[in-house]
Amino acid sequence: MSEKIGVYVCHCGTNIAGTVDVVNVAHWAEEQLKHRGVVIARDYKFMCSSLGQELIEKDIQELGLTRVIVSACSPHLHETTFRNACARAGLNPYLCELVSIREQCSWVHTDGTAATEKAKAIISGGVERVHHNEALEPLHVPIHPSTLVVGGGIAGIQAALELADAGFQVCLVEREPSIGGHMAQFDKTFPTLDCSACILTPKMVQVGSHPNITLYTWSEVERVDGYVGNFTVTIRKKARYVNTDTCTGCGICWEKCPKKVVDNVFEAGLGKRKAIYTPFPQSVPKYPVIDVENCIYFERGKCKACQIFCPTEPNSINFEQEDELIQLEVGNIILATGYDLFDSKRIPQYGYGRLSNVFTSLEFERMCNASGPTEGKIVLRDGKTVPKTVAIVHCVGSRDENYNEYCSAICCMQSLKFAHLVMERTDAEVYNCYIDLRTPAKGYEEFYRRVLEEGGHFIRGKVAEVTDSARFPDEEGKLIVQVEDTLIGKQRRIPVDMVILSAGLEPRHDAKEVAHLFGISCSADGWFIEKHPKLDPVATMTEGIFIAGVVQGPKDIPASVAQGAAASARVLGRIQQGEIALEPIRASVIEEKCSGCRICNDLCPFNAILFHEDRMVSEINPALCQGCGTCVAACPAGAIVGTAFSNEQILAQIEGLLLINLQSPSRVLA
Amino acid sequence: MSEQFEPVIIGFTCNWCSYRAADLAGTARIKYPANVRLIRLMCSGRLDPTFVLKALSSGADGVLITGCHPGECHYLEQNYKALRRYLLLKRVLAQFGIEPGRVKLVWASAAEGVKLAEEITKMVEEVRSMGPLEWPTSMNGSIHGFTTPEEMVLQEATS
Amino acid sequence: MTSNGKPKFAMYWAASCGGCEIAVLNIHEKILDVDANFEVAFWPVAMDAKYKDVEAMPDESILLTLFNGAIRNDENAHLAHLLRRKSKILVAFGSCACEGCIPALANLSPLSELFDTYYATISTDNPDGIRPQPRWEVPEGELRIPKLYPVVRTLDQVVPVDYYMPGCPPESHQIGAVIDLVVQVLQGKAELPPLGTVIGAGGSTVCDECKRTRNVKHISKIDRIQNVKLDPEVCILEQGVMCAGPATRNGCDARCPTAGSPCIGCYGPADGVVDYGARLMTAIASVIDSKNPQEIEAVLDGIPDPAGMFYRFNLAGSLLRASKAAWESK
């Protein structure tokens, strides 16, 4: 055996040493694995400390170690720590392996003897594996300085502005005719009660006029090719049927348009728009779009009022306009595609859609908004009557095993805001029916006190039912909210005029498809998965793709803004470095062995495998390869090899784990 | 000191989901039997049937294959390849007389530390009740019956 | 060395069909090169000889022995050990010796089942239920026949082997090429390859030599060859018939696919492969065109005997080598 292996067994205080006899394990390794190349085995209280790392560095230099095994905590925590220590001492970092005898051994087993034996087996597996480790170098790829931001809500706007202000080109793609997202629909924002449009529209205008931002609205990303630093993105710019070079946004076309349509998107179904429209007055960009499904011209060839009355020369309406496909190169992508509201019709006992004066949260926002369908007046569905009693139901579709188990984070504050607005604009009595009141951030708890002091009624109980079926005289003509008031221990029936459902936040209906398009994953709920839930919330597992805002999970506006800024900061860091080092875990085809059978060709979801018709061999693009190893495992000729997780390493590890190496020299066949 | 049979099970985990689930079980101090020895792969799609055969023929009593839930694979679709290979391998192993419960496929997301621990505990008991595999090519089931020249006794078969 | 100064050559058949011998004879006039350069010391198919003659030879006095056939019984094992002692270079010749080949398919059954098949079927005329015995007393003395081992083994599972020539049989043009090489070595014009090398075969797999057009693979059904009208220009696997070409070492000129028949894998695994069956299994399974377990099982139902299909030639040389029942048979 020509390798010189150092084995380091960490006590981790009592975390490991409390169950595993680490001293015994180290002795065992030095004696029993000597014939396998182990020249030194040490145990130490905290290997990750600087003293612990120095032990390794010293041994590498003095004993000429060629391989290092550290048996301690999970590689997800300290693999880099120990690899860096080896690099400092002159040993290629990939010749060092960290095997876990903590998370996978001492912390999960109670029988100390069995845990100690298992720790020995784990180390033995590591020793056998590390024989076959190769010295690897990371792969360097250049980073294109432009960035794609998908989603023009507040998170996407923030990200785009930060990047553009730093002097780099940004392309912002938004599916709706205007940027602004859900925040543009709100009236006031908690807890400051800032007017939402007033704080949002300046940013929107900045985006619209920034020299470094190319804005594509009424557009969607259709295809993504490439890899970090070098993405090629295809965007479908849907036809607006309006020529944006000549349109001035004067608004005559939508004034004259005879066709009214219920606006299910921006007005949340509460109000109407025309067949040619901009979603709201402060839309950025100001150009309208024609809703082809509801336009009289597209339906029957008649009307054309918008074209007739359009004052520009040449005319800005173009019924022949077609979708445009645009391709661009970017280095990084930030996804900030936001959320959809939980569909309250799924809870029939709350009566939404059946009982006319049950409103969703977004409907109520539009009602409160001064430029909304009721001009800011809080009125019942008849458009006239001011309610005298209002109930606000928390946790609609959230914290509920039947719908979504998670908490939607913003609904308590939103419900308090609604209570305040109702009490401000009407004389109504307001009842908030809640399970808990979640008011964690700055000013939130104070806002709750304010609403309490303003006279809001709070009932701690999950609403069972909203009904119009009266049992008592004072319930006639009202909506009755049936709820158990758990603080007084009584069932209550509260007759109200209006019920507002604080519906939960859900991932967009096409979240899974979008995630797949960009090569990232969604959790079972549908939120995009971050690289690490605690320490890396804006990165994803796919290099070069970042996420920001509610798409990563329910959160309020400050958190969305923070994430948008965080994502852009990460991208700026990459752009500044100019290149990125990719982990050298990837596969490659040994051309002489490849027979061109093409079994591997369709196994790669990252399209890293190409086939050369002229030479009848397959080849793997190392920059696209993500290192999953599926092709390595599938190749029938054994012509594809994978670094860092090679067949030799894994087969050797199996032998080591089963302690075959103790009984005779290794019989690894590979 | 208990005399009961302690099976040795080799477990394959994927770096992003099931390995993290195992780590989570550790951080949450969830207890499970010490009979499973885990190997980390980047993805369940890396699982080569050779690994399962190697483990069984080298002394393991069982093999546990774990990965991300279908639709949640970090590399998008590769766990389906693992599923296909597993379904075929099961049929072949049955012909070799290896009980189906000895090789199991379990999906576990990074959040499912409890579930993984439960599956491991269940499998350990199942394999324990089946008894040791002791495949004859492994060290603990030594190759028997194959003799050396000195022990040969033979006469000419032809006259 | 012999009386005429030429190096000795031997060829022996253990548990085999004789096809390898015929393949050697099929090298046509090259057989004259063999005769010119070697003295045939022991070749039971071609000339008469006794084991005791071989036992009498000095150790390593045979330069080259081609040993074909698997190790089924103790006579095979005895000769394996004997010829190893007496030979300088021992070649595992043909699939039987290299990986077990067809005789090793018996490894899926215990001996008792094998004997039932040989001696106790409905159509067998064996009214007294006689089974063969390794020893039998007759008035003249004791008769012995070789004892069957419960499990068939490859040559290198019994003795160290110097080179491997795969194939069932190895193609004659490959045998010719090897003979040319050996003659060159004898003349000092070439070096022998490193010990343990596979010779007389290619470094890739059969697809490399197959002329059919190949597309990206998606398998949505697997059927038997008699149920599919095969297009001779297109990859057989893509047409829904099992072909072992992708996993099988090349060197045979893709004879079978060229003739309209799928490759069945007789040249064994490619270089560095630990278990042939695993490679073929993983390749086929990975490209099954479904994510749904029921659909996948339905496709797999098209292979009624997967162990036999994927280990047709390679069972003894695989990792598991035999079924549990076979290992435990008495």
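The legends below describe several close-up views of a predicted model.

Local features need pLDDT of at least 70, side-chain atom pairs count only at pLDDT 80 or more, and totals for chains, interfaces and linings use all residues; side-chain values use heavy atoms, with hydrogens and water left out. Residues are numbered from 1 along each chain as its sequence is written, while chains are lettered from A and ligands numbered from 1 in the order in which they are written.

**View 1. The fold of chain B.**
Chain B holds 4 helices and 4 strands. Helices (H or I, at least four residues) and strands (E, at least two) are DSSP runs, numbered from the N terminus. Follow the sequence and the pattern reads β-α-β-α-β-α-β-α. Of the 159 residues in chain B, 65% are buried. Buried means under 20% relative accessible area, exposed over 50%, and partly exposed in between (1.4 Å probe, protein chains only). Take the contacts in chain B between residues at least 6 apart in sequence: 80% join residues at least 24 apart. A contact means heavy atoms within 4.5 Å. Chain B exposes about 5500 Å², and carbon and sulfur atoms supply 55% of it. Such areas come from the Shrake-Rupley method with a 1.4 Å probe; for residues, only the protein chains shown count as cover.

**View 2. Confidence along chain B.**
The mean pLDDT of chain B is 85, and 86% of its residues reach 70 or more. pLDDT is the predictor's confidence in each residue, from 0 to 100. Look at residues 144-159 of chain B, where pLDDT stays under 50. For this stretch the model has 26 contacts beyond four places in sequence. The model scores ipTM 0.92 and pTM 0.81.

**View 3. Chain C as a whole.**
Chain C has 12 helices and 9 strands. Its C-alpha trace spans about 70 × 60 × 30 Å along the principal axes. Buried residues make up 55% of chain C. The mean pLDDT of chain C is 92, and 98% of the residues score at least 70. Among the elements of chain C, helix 2 has the lowest mean pLDDT (87), and helix 9 (residues 276-286) has the highest (96).

**View 4. Two cis peptide bonds.**
Most peptide bonds are trans. A cis peptide bond joins A:Phe190 and A:Pro191, with omega about -10°. A:Pro191 sits in the loop between strand 8 (188-189) and strand 9 (194-195) of chain A. Another cis peptide bond joins C:Cys168 and C:Pro169, with omega about -5°. C:Pro169 sits in the loop between strand 9 (163-165) and helix 7 (172-186) of chain C.

**View 5. Two residues with positive phi.**
Most residues other than glycine have a negative phi. A:Ala268 has a positive phi, near 55°. This alanine, A:Ala268, lies in the loop between strand 13 (260-262) and strand 14 (272-274) of chain A. A:Ala268 is buried, with a relative accessible area of 16%. C:His28 also has a positive phi, near 55°. C:His28 lies in the loop between helix 1 (19-25) and helix 2 (30-37) of chain C.
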